[in-house]
Amino acid sequence: MPRAEPAARRVRRTWRRWRAWTVSRTRYLVRRWRSSLQLRVVTSALALGVVAVALLGLYLSISIRDGLYEQRVDRIERENASMTEQVRSAFDSSPATSNSDLQLLLVQMVRTLAAGASSAQDFLLLRPPDQPNRLAETGTQIGLKSIIGEDLREATRATEGQVLQSTQIPAEYTDTEAPEPGVIVGSTVEVPSIGTYELYAIYSLQAEQETLSFVQRTLALGALAILALLGALTWVVTRQTVAPVRRAATVASRLADGHLDERLPDAKGQDEMATLTRTFNEMAGNLEDQIARMEELSAAQRRFVSDVSHELRTPLTTIRMAGEVIHASRDELDPAARRSAELLYTQLDRFEILLTDLLEISRFDAGAAVLDVEQRDLRDVVVAVADTSMPLAETKHVFLSVTLPDEPATADVDPRRVERIVRNLVVNAVEHAEGKPVEVTVGVDADAVAVVVRDHGVGLAPEDIDRVFHRFWRADPARARTTGGTGLGLAISLEDARLHAGRLEAWGRLGEGASFRLTLPRRAGIRLHGSPLPLEGPSTGVTAPPTGQLPVVNPPTGPTPTAIPELGVVDADGLDIAHAPVPSARPDDEEETR
């Protein structure tokens with residue numbers, strides 16, 4: 001048979017379940033409160049109403065209690081003063097002289113007081129503590145002597161008037177068998193042949209307490225009714241206000257999702273909500289018209305760019321063939337014609353690159369761009385881009401370093417598009433490095449691969465970071481292009497990264513350089529939450545040691561044509577693992593640099 005579970009474990013399990021349920025319900029209520037304007041308004045109104053009603057009820061309850069108590073005490077004082085005078089007159093006129101007659105006189109006096117018209121509940125005749133014990137103390141309930149404190153008795157003996165003190169009458173001396181509030185009134189009387197005795201009358205305040213309780217219950221019921229009415233009124237008012245706003249929010253959300261024909265139901269009247277409804281519908285209609293015109297204009301622009309790009313292919317091919325023929329025969333031409341042939345050949349390359357970029361942009365705009373995915377190691381892609389970028393780095397006197405991880409950086413990518421992204425980043429970094437090093441770093445983790453290209457040149461202003469991926473945008477329009485760029489490279493790179501479900505981000509500071517980070521998921525369906533490499537921060541500090549140069553007495557601060565660096569492929573520890581000789585500059589680049 002299975003053993004019974006210990007009681008302590010059951011208690012702990014029950015407590016955990018109850019705590020988890022309480023926490024979940026609390027979180028649900030908090031979410032509901034935050035997500036509902038109507039609920040927040042109603043709860044706020046009820047909270048303020050509770051505070052106001054509580055303060056008002058407390059003030060009224062205290063005022064009524066004090067009023068009832070003061071009126072009752074005034075009546076008690078007048079009644080007790082009259083009764084005390086009657087007792088004193090009776091004692092003064094009594095002919096009793098013996099102890100037995102005097103004892104009988106005291107008992108009869110107490111009975112007379114109890115049977116009289118006084119509203120007192122009980123009476124006591126007590127002798128002072130210093131008086132010889134000749135007559136016994138008497139009273140209607142002699143046990144009530146215990147509730148008369150010594151301070152009250154001293155105050156009574158010290159004055160000729162009345163002394164009042166609030167008290168709690170025990171349950172055994174009441175008719176309701178429950179403790180009752182009361183007042184004790186003490187005074188002194190002269191007993192013939194004996195001396196001063198203390199007369200105490202005990203008055204019950206139970207009637208006033210019941211009246212106060214009734215008033216408090218009435219106030220509580222009235223407060224609940226007021227709060228319920230306030231809550232219902234607030235709910236109705238806020239519903240009339242929030243319901244149109246909620247409908248407007250729903251329609252606005254539908255509009256944001258592309259359903260431009262959504263409208264608010266027509267409202268009658270001339271109030272603010274009707275005006276809001278009509279204005280909102282007019283705005284939605286104008287927005288639909290504007291978006292339709294913009295879509296038509298955008299479609300026309302895309303068709304124009306695509307058609308022009310395609311139509312220019314044929315004449316461009318013819319012009320290129322003719323240009324190649326002229327360029328091949330340039331040695332037979334005069335110097336001016338030779339220079340024109342070389343410029344024609346160079347500008348044809350730039351024109352062809354521009355047409356290719358425009359066609360690629362038109363594919364992205366038309367949604368026709370697709371991926372040709374295969375599993376590749378990004379280290380190979382980066383090294384290949386670095387090799388092809390070395391002639392430009394040599395021309396710009398820039399030391400280009402590559403840091404690769406030890407583990408393979410494999411991912412499912414389109415190699416052509418990823419290579420284009422990395423090439424655009426590296427070429428831009430070299431263009432803006434101003435002779436300072438450019439560092440390319442590859443990182444990998446379980447979910448993503450990343451490439452960071454960092455330069456230390458002119459940098460980017462904070463307001464330019466969001467615009468750096470705009471089409472045809474240039475950070476410094478005064479800078480001359482020396483690589484045949486079209487101004488579309490980063491825009492195309494961003495679209496390529498989005499096509500891979502990845503991210504392309506930029507960072508920069510003026511005078512400190514810029515950094516671009518490409519992050520791609522390793523597999524389709526992986527959602528990126530971070531990147532293996534940081535985007536901002538200091539560089540790794542890779543420098544280019546001078547190689548193959550003549551001794552210089554006063555070496556310059558930056559690279560010189562006599563100290564052209566080599567491509568250094570650096571491992572994760574920052575050590576060179578391969579060196580490739582730098583190819584010589586192309587004549588075309590030299591001509592364009594001039």
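Analyst: The account below begins with the chain as a whole and then turns to the helix pair.

The model is predicted, so local features need pLDDT of at least 70 and side-chain atom pairs count only at pLDDT 80 or more, whereas totals for chains, interfaces and linings use all residues. Residues are numbered from 1 along each chain as its sequence is written, and side-chain values use heavy atoms, with hydrogens and water left out.

The protein chain has 11 helices and 14 strands; these are DSSP runs, helices being H or I of at least four residues and strands E of at least two, numbered from the N terminus. Of its 594 residues, 36% are buried, that is, under 20% relative accessible area with a 1.4 Å probe, counting protein chains only. Among contacts (heavy atoms within 4.5 Å) between residues at least 6 apart in sequence, 67% join residues at least 24 apart.

Two packed helices are described by the angle between their axes and the distance between the axes. Helix α1 covers residues 7-35 and helix α2 residues 37-92; their axes come within 5 Å and cross at roughly 100°. The axes are lines fitted to C-alpha atoms over the stretch in contact, and angles run from 0 to 180 degrees between N-to-C directions.

Methods. Buried means under 20% relative accessible area, exposed over 50%, partly exposed in between (1.4 Å probe, protein chains only).
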